[in-house]
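Please brief me on the salt bridges, helices and confidence of this model.

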Amino acid sequence: MSSKSTLVPFGTGVGVALRLLSTPISPSSRVREPVKPTTGRVVGYFPSVKNNRSIAWESQLEQKACYVFEFSPEIIKYREQPLSIYYRLNGELLRYTPDFELTLLSGELIYVEVKPGAKLQTPELQEKLGAISRYWKEKGLQFLIITDQELDHPILQSNLKLLRSYLRVKCDAELVQISAHWLKQQNNPIIGDLAAYLNSLNKVYSLLAHQFVLTNLYEKIQHESQLYLQEKNRYENQLFSRGFATDIE
């Protein structure tokens, strides 16, 4: 996925306050409470619009994963520390809690471990994760390991941070309709031109945040960014898919 050279940063000011209805999660909704910040460990909460509450993350990689989950149309909701399982390894019964549970549009559940790729090189961890993966397969469920290879895309993360502020801004049907009509009449529609047509850059960002119009999120969002309407099978739309990360044997 290519990245254009940066031209002019375009409109990072946000005229809307991101005030989530961050209802504290019920203690019964996750099997353990998030770890507390310590020296050298950064933890926090991701204000999720999709879940209408704050999601606890325990590493910067997990925070980046939350951004991807939040903007992935295939994922309708997600939660952290969802449950614990007991699996067997070398004759021992061991406990494991996945980092996230994803609920897809199809209703399917996927359990996710977020881990730096370098840590996966240790034979002990590979053996452990292999046993956990076999447990989920026996239950007919998918288990994914997501690493920095999938998540460390600074431009993508920057774009998602910009657009997250607009997830709370609703796009009415008239705005969606006139924007789609305008795009269909253009040969190479770009953000700057649609913002001029709507007399509002914020409306364009809201349309992008809700994916009524799309742009390549792996390229920096700016005045010249090309726009297009929703189309199937465009990789730009597939921030998360079944092929996002490979499962482990």
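R79 is partly exposed, with a relative accessible area of 25%; that class lies between buried (under 20% relative accessible area) and exposed (over 50%), using a 1.4 Å probe and protein chains only. R79 forms a salt bridge with E101, and the closest N and O atoms are 2.8 Å apart. A salt bridge here is a side-chain nitrogen of Lys or Arg within 4 Å of a carboxyl oxygen of Asp or Glu. The pair links distant parts of the chain, with R79 in strand β3 (residues 75–80) and E101 in strand β6 (residues 100–104), 22 residues apart. E101 counts as buried, at 7% relative accessibility.

This is a predicted model, in which local features need pLDDT of at least 70, side-chain atom pairs count only at pLDDT 80 or more, and totals for chains, interfaces and linings use all residues. Residues are numbered from 1 along each chain as its sequence is written, and side-chain values use heavy atoms, with hydrogens and water left out.

**Other salt bridges**

- The whole structure holds 4 salt bridges.
- One of them joins K64 to D152, with the closest N and O atoms 2.5 Å apart.
- K64 lies in helix α1 and D152 in the loop between α3 and α4, so this pair ties together parts that are 88 residues apart in sequence.
- K64 is partly exposed at 26% relative accessible area, and D152 is partly exposed at 37%.
- K115 pairs with E113 in a salt bridge, the closest N and O atoms being 3.1 Å apart. Both K115 and E113 are buried.

- T147 sits in the loop between β8 (142–146) and α3 (148–151). Helices (H or I, at least four residues) and strands (E, at least two) are DSSP runs, numbered from the N terminus.
- T147 is buried, with a relative accessible area of 7%.
- A polar atom of the T147 side chain lies 3.1 Å from the backbone nitrogen of Q149.
- Beyond its neighbours within four places in sequence, T147 is in contact (heavy atoms within 4.5 Å) with K115, G117 and L120.

- The buried residues of α6 include I191, G192, L194, A195 and L198. They cover an arc of only 165° around the axis, which puts them on the same side of α6. The arc is that of the directions from the helix axis to the C-beta atoms.
- Cover for the buried residues of α6 includes α5 and α7.
- N199 follows α6 and has a positive phi, near 55°.
- At the start of α7, a side-chain oxygen of S200 comes within 3.4 Å of the backbone nitrogen of N202.
- In α7 (residues 201–209), V204, Y205, S206, L207, L208 and A209 are buried.
- Their cover includes α1 (60–71), α4, α5 (173–185), α6 (191–198) and β9 (213–214).
- Q211 follows α7, and its phi is positive, near 60°.

**S158 in α4**

- S158 lies in helix α4 (residues 154–164). S158 counts as partly exposed, at 39% relative accessibility.
- S158 and K220 are 62 residues apart in sequence, and 7.9 Å apart in space, C-alpha to C-alpha.

**Confidence**

- The mean pLDDT (the predictor's confidence in each residue, from 0 to 100) of the protein chain is 83, and 78% of its residues reach 70 or more.
- Over residues 1–25, pLDDT stays under 50. Where pLDDT is low, the predicted coordinates should not be read in detail.

Notes. Polar contact = N/O pair within 3.5 Å; in protein donor to acceptor, adjacent residues only side chain to side chain.
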